[in-house]
Every structure is written in C-alpha cells, then in structure tokens.
Amino acid sequence: MPEKPGEVIEMNVGAGPPGVRLLKKESGAAGDAALARADVIVAAGRGIGKKENLVLIQKLAAKFSGSAVGASRPICDAGWLPYNRQVGQTGATVTPKLYIACGISGSTQHVAGMRGSEFVVAVNTDPDAAIFKHADVGVIEDFKVLISALDEI
C-alpha cells in the first residue's frame with residue numbers, strides 16, 4: 001500500500017486551527033510507572049465519599065514501602081486523581097503483592113485491571129459488593145474506621 005503524504009503541523013497548546021480547542025491536557029505516565037512498580041497498591045473508589053478522603057488513602061499507602069495510590073474510573077472521571085492512576089480495563093493492569101481496595105464496588109472493568117494481584121483486601125460498607133468475590137480478605141466497614149484502627153497498631 002503506498003504511503004500517503006502527510007504534513008507535520010507544530011501547534012501551541014493554547015492555540016490551534018479555527019474551531020479546534022483543547023479539552024483536556026493529561027500528565028505523563030508517571031502514575032502508570034508507579035502502579036506498575038508497586039508492591040502494594042491502595043486504591044480508592046466512589047465509596048470513599050469525597051475528594052478530601054484521598055488524604056486517608058495516601059496515608060494508608062505511605063505505611064508500605066514500594067506502594068502507590070490507584071483508583072477506580074469514577075474517581076478519575078470526577079477529577080480526584082489523574083487517569084494515569086486508574087486501574088481497570090481502560091486503565092492500568094497491575095500485579096502487586098497486596099491490593100487494598102477502599103470503597104470500590106468491584107465492577108468487571110475494575111477487576112480486569114487488578115486480577116493479577118497476589119493478595120486482595122477489600123474494604124466496603126456494602127456486604128453485597130462484587131469486590132468481595134475477588135478478595136482474599138473482606139472488611140465490611142467504612143474505610144476510615146479501618147485506617148483509624150491501623151493507626152492505633
């Protein structure tokens with residue numbers, strides 16, 4: 001098949017051809033690399049309630065060396081974390097030694113990305129959450145209670 005001639009157009013990110021506008025600029029793959037290297041991933045889902053609770057997720061992750069913070073798609077869609085932290089079918093596929101899912105429902109798309117984890121701890125207030133079917137240990141509790149209890153150890 002013959003190659004079609006092309007043209008390279010250099011553009012300033014803030015400007016472009018008429019009728020074209022920048023919708024979103026995403027950061028580089030640093031989050032992807034951190035997730036890929038992590039021995040421990042603490043992942044946040046919609047069940048953490050609000051963006052401010054990400055501090056608690058980060059605090060839990062900081063308790064482990066070689067850890068990273070991950071997220072479900074709703075967290076990234078809400079802009080709470082960048083998409084390079086998303087675990088799942090349309091995000092990163094991870095294989096940590098320990099995966100702690102906080103407030104994650106366990107959708108098929110998310111599970112596809114964390115299925116290779118060696119040991120999964122699921123923390124969710126919903127006893128019927130699908131994530132428990134994929135967990136080695138399930139904690140039916142608000143993740144904030146678990147993190148508070150770990151601080152006392």
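**Entry 1: the pocket**

Which residues lie nearest the centre of the largest pocket? I looked there before anything else. Ser72, Arg73, Pro74, Ser107 and His110 lie nearest its centre, and the lining has 19 residues. Helix H3 (73-77) and helix H4 (108-114) are the elements that give two or more residues to that lining. I noted a volume of about 220 Å³ for the largest pocket.

I sorted the lining by residue type and got three nonpolar, 14 polar and two charged. Here Ala, Val, Leu, Ile, Met, Phe, Trp, Tyr, Cys and Pro count as nonpolar, Asp, Glu, Lys and Arg as charged, and the others, Gly among them, as polar.

**Entry 2: ground rules**

A reminder to myself: this is a predicted model, local features need pLDDT of at least 70, side-chain atom pairs count only at pLDDT 80 or more, and totals for chains, interfaces and linings use all residues. Residues are numbered from 1 along each chain as its sequence is written, and side-chain values use heavy atoms, with hydrogens and water left out.

**Entry 3: the whole chain**

From the N terminus on, the order is α-β-α-β-α-β-α-β-β-α.

**Entry 4: valine 42**

Next I went to valine 42, in strand E1 (residues 40-44). Valine 42 is buried, with a relative accessible area of 0%. Setting aside residues up to four places away in sequence, its contacts (heavy atoms within 4.5 Å) include Ile57, Leu60 and Ala61, along with Ala68 and Ile100. Alanine 68 is 26 residues away along the chain, yet the two C-alpha atoms are separated by 6.5 Å.

In H2, I found Leu54, Ile57, Leu60 and Ala61 buried. These fall within an arc of 115 degrees down the axis (taken from the directions from the helix axis to the C-beta atoms), so they line one face of the helix. The exposed residues Val55 and Ala62 sit on the face turned away from the buried side. The buried residues of H2 pack against E1, strand E2 (67-71), E3 and H5.

H5 (residues 143-151) buries Phe143, Leu146 and Ile147. Their arc is 95 degrees, so they also line one face of their helix. Their cover includes helix H2 (54-62), strand E3 (98-102) and strand E4 (119-124). At the N-terminal end of H5, aspartate 142 is the cap, with a side-chain oxygen 2.8 Å from the backbone nitrogen of lysine 144.

**Entry 5: serine 117**

Is serine 117 buried or exposed? It counts as buried, at 10% relative accessibility. I located serine 117 in the loop between H4 and E4. A polar atom of its side chain lies 2.8 Å from the backbone oxygen of methionine 114. Leaving aside neighbours within four places in sequence, serine 117 touches Val94, Thr95, Pro96 and Tyr99.

Methods. Helices (H or I, at least four residues) and strands (E, at least two) are DSSP runs, numbered from the N terminus. Buried means under 20% relative accessible area, exposed over 50%, partly exposed in between (1.4 Å probe, protein chains only). On a 1 Å grid over the protein atoms alone, a cavity is a set of points where a 1.4 Å probe fits but cannot get out, and a pocket is an open set with protein on both sides within 12 Å along at least five of seven lines; lining residues have an atom within 4 Å of a point. Grid points are joined across faces, edges and corners, and a volume is the space filled by probe spheres set on the points. A polar contact is a pair of N or O atoms within 3.5 Å; within protein, one must be able to donate a hydrogen and the other to accept it, and residues adjacent in sequence count only if both atoms are side-chain atoms.
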